[in-house]
Amino acid sequence: MVPLLLTLVALLPVLPGCGTSRMVDAGQSPSPFRPLPVGLDEFFVLPEDNPPTAAKVALGRRLFFDPVLSRDSTLACSSCHRPERGFSDTVPTSIGIAGQRTTRNAPTLLNRAYGVSLFWDGRAATLEDAVLQPVRNAREMDHDPVRVAGRLARDRRYAGEFTRAFEDGVSTRNLARALASYVRSLRSGNAAIDRYLAGDRGALSPDARAGLRIFAGRGNCVMCHSGATFTDERFHNTGISWGTDPGRSGVTGDSADRGAFKTPTLRNVARTGPYMHDGSLGTLEDVLAFYDRGGNPNPNLDPEIRPLRLAPRERRALRAFLEALTGQ
Amino acid sequence: MKTVFAVFAFVTLGFLGWSQRDHLKQAVAVAEEARDAPGEIAQADTSKLVTRRIWAGPQVDPLGAPSADGRLLSHVDWSTGDLAVRDLTTGTSRRLTSKGSWFESTEFALFSNFSPDGRRILYQWFNSEFEYDLRVVDVEGGSPRVVYRNPQVEYPIASWFPDGERLLAVLSLVNRSNQIAVLSLRDGGARVLRTFDWRYPNRAQVSPDGRWIAYDFPPGEDHPQRDVYVLAADGTQEVQLSHPANDELVGWMPDGRHLAMTSDRTGTMALWVVPLEQGKATGKPQLVKSDLWRIMPLGITRKGALFYNVQSGNRDVYLATVDFSAGRVLAPPARAAERFVGSNFQADWSPDGRYLAYLSQRSPVAGPRPAALVVRAVSTGEERVFTPAMNYLQRPRWAPDGKSVLVTGQDRKSRQGLYLISAQTGEVSPLIQSEPQSSATQAEWSPDGKTVYYRRDNQAEKQTRIMALDRSSGASRELRAFTLPAGFGSLAISPDGAQLAYVQFEGTRGPNAAGPILQVIPTAGGAPREIARFERANVTVLGWTRDGRSLLYERNDSPEGRDPVFAVWVQPVAGGEPRRIELVGEVSGRNLRVHPDGRRVAFTAGQDRHEIWVMEGVRPAKSTAAPAPGAR
């Protein structure tokens, strides 16, 4: 784990001013998000009350990897959102505090800056809304953010970092802001597909090019996995775990949303298995087979999901294309 | 390959400088417009408003833009496809490119606009590789320069940043996504600001100070209505000017503090201006001019004059009765319908001959908008009008069972293909949806309805094919393949379903190029048979006589456009001299369909026309925006 963490740190963007002086954000500091990887948009949504700074990102990074956020100090965010797995987990549903199973698969955090809602059911509108929910969740970190903030305030180093990042120092609000700033900095692009779309014909193998044609054509994948992050940020019913998880309807109360879950990004999908909101499909081959048969029939099945009847070579091509979405 | 009809993105020009700064992203904002109380519509200052027509006639083209001083207008000279510029003071046009006649080159220009200093023109070019690129040419002439070409971008369209060194582009990619990007003329680099799914901006324009990009975009997946958005040019913030009406961008006013847009919020399309500050609306939209019918904005000059195109024309569906064997017109052409005259086109008879299905362009907005499908009872004139949920549709072909109409088109999610529209409900269902860089067009039913023959173009493979779709299995088989530049024209199936007719062309251009060949091919498969050969003519197969003994075609021998007279040539399939039947004088025609009785025909005649107008004195009401910094 340690070498991987070091690798992650090495890959992080340059953070000017980090830890060198007291820097209170005035909205004028250089963006900590540069350089922008090929394939990602310059524009993404930010809450006006939390402009990112290098100090916030650095603080959020430290918090992300620190088990101090969990009640018994055994779990960090990174325990389930593992950097070497594209900030997702290796198991269908993660193991929370005291060995408890969580109910849904830990999704990747890469490029969540571009998200318009968070979690599989979209219950959080911003990263600031989202990041403390696992802390509070009894199956995950089972802690009280107020107590976390108190613990952090007593830690001289954390207290200093909070003061550098925020005028009012340690608070639960600033805890969320710092974590959100860090997650917002986790961007991945410059994949083979990005170079191909930018004009490099040789960036994709012939198989991957064939896969792209299926992805955007007969496979109909692009109807949901669209845009720069290969997700429409909307909610669709594929029939996975139909009847056992209300999905989006748990948020909206609308029966039409029953069993609908947010389209996950496909960037780095080759590294983020197991797949689907319940982690029930272990490999990309399983996922392709699932969609090839048209998902799981149910009354709310998305009309865009229908049997594809792909030939084995077409599935291989799609697989090659999905691997071409692995970025840097 | 996307066509102009598939993507109608139109990026207009900006005039002044750009300043870049490195600062932090801000939240997207949705500015819900304040609703007006009844009877309280804010009015712009219309005291000096004057509109006048500045160019009319058959040569008018609406794909250009005015120069900043309003003296010149760029456009396409469709007699050759070259880019041209018109001096509006003298009323003369001159070509800036010289590709040669249509017999020599199939390349052509499309949308264009002037650089901020007025010395260069940026334009789209459909090149010899059958791809679109972006080029720049000096207004005074010289060699054009390709400034953007990316095989993974099916359709690029762009306008200038005020610094004259960068371009604002809307790019449609092979993965069906669309982008707003900034292209550098210096190093060819591209910065992507926004990536969208299959939806795309129709227009996008940089503000005069270079800091803001306004564009229009459909916020919903399921309806085509648009809102106007203002995006910071450095990607740091975006504001949606949200309103339930269909709002479409016209462009920035010269002060950079007002946006002009069209909106149907009062029931008809009208011109409005919206005051803005720091990318956000600071007041209610103001009505400039109401009741604008099918206008397409071309650009706003430095003095605030809006140049726009008004779509007109005399295109319509006509019915006539013809004795093909005798070569006589028994009943002269008459309009098929007397409603939406000039807006109806492409008809087909129902299998029992009792109904006519035709397309009718009823959108109040100019440009290739989805047409209505009208089903008209021939005996009573009663009509049912459907508005299929599609981006566009063409070439209706009634299914042999009479239950549906097959069209070529694009659904609301921009998937090109062949679609069935229920003749009872108007519901749309896909028959074939194309892969990226390919298209399915020109569908023809077999008489038993079990097979659909169609044309499949594949830009990536540079091939075009005649295909047969077995509806029961969903599998397509190839009847013939052509490698570009060779290809074929429209398909027509014989009444017994045994043969397909088409016109093959070699595709090479120049004085020694081979002429088109009229051929038939067995639908069961096999070698084609030559029926007739032509020299330097454009020939289009129109259909067959009901007895299957003759082919009907249209020919045009002019290198600079189509024959103004619509005449049908009747060519015996067994051989012999063709007979010419003149149907309509002074207007050209297309899409001839023969009634099951073998004598009545429906066809489209006439053509779209355009008029260029200018609206001067477009001014916001006083005190609607904060004064510019330093202004007195």
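Select B:L420 to begin: this residue lies in strand β34 of chain B, which covers residues 416–422. The model is predicted, and everything listed on this tour is computed from it.

**Stop 1: around B:L420**

Is B:L420 buried, exposed or partly exposed? With 18 C-beta neighbours inside 10 Å, B:L420 is classed as partly exposed, because a buried residue needs 20 or more and an exposed one has 12 or fewer. Now show its contacts. Apart from residues within four places in sequence, B:L420 is in contact with B:S404, B:L406, B:S429 and B:L431.

**Stop 2: a four-stranded sheet**

Next, select β36, β37, β38 and β39 of chain B. These four strands form an open sheet in the order β36-β37-β38-β39, with antiparallel pairing. Which strands stand at the edges? They are β36 (438–445) and β39 (476–483) of chain B; each has a single partner strand, so one side of each is left without a neighbour in the sheet. From one strand to the next, the twist averages 20°.

As background, strands of a sheet pair through backbone hydrogen bonds.

**Stop 3: the nonpolar cores**

Select B:I213, B:A214 and B:A260. Within the largest nonpolar core, which has 124 residues, these three have the most contacts. Centre the view on B:A214 and show what it touches. Not counting residues up to four places away in sequence, B:A214 touches B:A204, B:Q205, B:V228, B:V230, B:L249, B:W252 and B:L259.

Then move to B:A336, B:W349, B:A372 and B:W445. They are among the residues of a second, separate core, which has 73 residues.

**Stop 4: between chains A and B**

Finally, display both chains and select the residues in contact across them. How many residues does each chain contribute? There are 30 from chain A and 29 from chain B. On the chain A side, colour α9 (192–197) and α10 (206–216), each of which supplies at least two of the residues touching chain B. Helix α10(A) gives the most, with three residues. Colouring by class shows 16 nonpolar, seven polar and seven charged residues on the side of chain A that touches chain B.

Notes: Residues are numbered from 1 along each chain as its sequence is written. Chains are lettered from A and ligands numbered from 1 in the order in which they are written. This is a predicted model: local features need pLDDT of at least 70, side-chain atom pairs count only at pLDDT 80 or more; totals for chains, interfaces and linings use all residues. Two strands pair if DSSP finds at least two bridges between them. Axes are lines fitted to C-alpha atoms, for helices over the stretch in contact, and angles run from 0 to 180 degrees between N-to-C directions. A nonpolar core is a set of buried Ala, Val, Leu, Ile, Met, Phe, Trp, Tyr and Cys residues joined through C-beta atoms within 7 Å. Two residues are in contact if their C-beta atoms, placed from the backbone, lie within 7 Å. Ala, Val, Leu, Ile, Met, Phe, Trp, Tyr, Cys and Pro count as nonpolar, Asp, Glu, Lys and Arg as charged, and the others, Gly among them, as polar.
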